[in-house]
Amino acid sequence: NLLRVPIHYYVLVDWRAFKESIDLIGGVDLYVDKDMYYEDPYADLVIDIKHGYQHLNGELARAVCAFPQG
């Protein structure tokens, strides 16, 4: 309803399946509007992606989706 686009089907996947699906199709191209740097030593996660068009593998795509905004 928010986008006023009918959604006829949806799929629920976990993060591992999301990552593996992105890798299966050879990655995704994404425009990053600002440099992204984030470290979470507890999750053993480091995100360091530069501004501009980037080709992301499954792990980086997952990290961008989970990136804290603000």
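Reply: Here is a walk through the side-chain contacts, helix by helix. This is a predicted model, in which local features need pLDDT of at least 70 and side-chain atom pairs count only at pLDDT 80 or more, while totals for chains, interfaces and linings use all residues. Residues are numbered from 1 along each chain as its sequence is written, and side-chain values use heavy atoms, with hydrogens and water left out.

Start with the charges. The structure holds four salt bridges. The term means a side-chain nitrogen of Lys or Arg within 4 Å of a carboxyl oxygen of Asp or Glu.

Helix α1 covers residues 15-24. Helices here are DSSP runs of H or I with at least four residues, numbered from the N terminus. R16 is exposed, at 59% relative accessibility. E20 is partly exposed, at 47%. The classes are set by relative accessible area: buried is under 20%, exposed is over 50%, and partly exposed is in between (1.4 Å probe, protein chains only).

The whole structure has two aromatic pairs. One of them joins W15 and F18 edge-to-face, with 5.6 Å from centre to centre and 90 degrees between the planes. A pair of aromatic rings is described by the distance of the centres and the angle of the planes. Rings of Phe, Tyr and Trp (its six-membered ring) pair if their centres lie within 6.5 Å; planes under 30 degrees apart are stacked, over 60 edge-to-face, and the rest tilted. W15 and F18 are three residues apart in helix α1, so about one helical turn lies between them. W15 is partly exposed, at 46%. F18 is partly exposed too, at 24%.

Now helix α2, residues 58-66. Here E59 forms a salt bridge with R62, and the closest N and O atoms are 2.8 Å apart. E59 and R62 sit three residues apart in the helix, about one turn. E59 is partly exposed, at 32% relative accessibility. R62 is buried, with a relative accessible area of 19%.

One more charged pair remains to describe. K50 and D48 meet through their side chains in a salt bridge of 3.4 Å, N to O. K50 is partly exposed, at 48%. D48 is partly exposed as well, at 45%.

Key:
Helix = DSSP H or I, 4+ residues; strand = E, 2+ residues; numbered from the N terminus.
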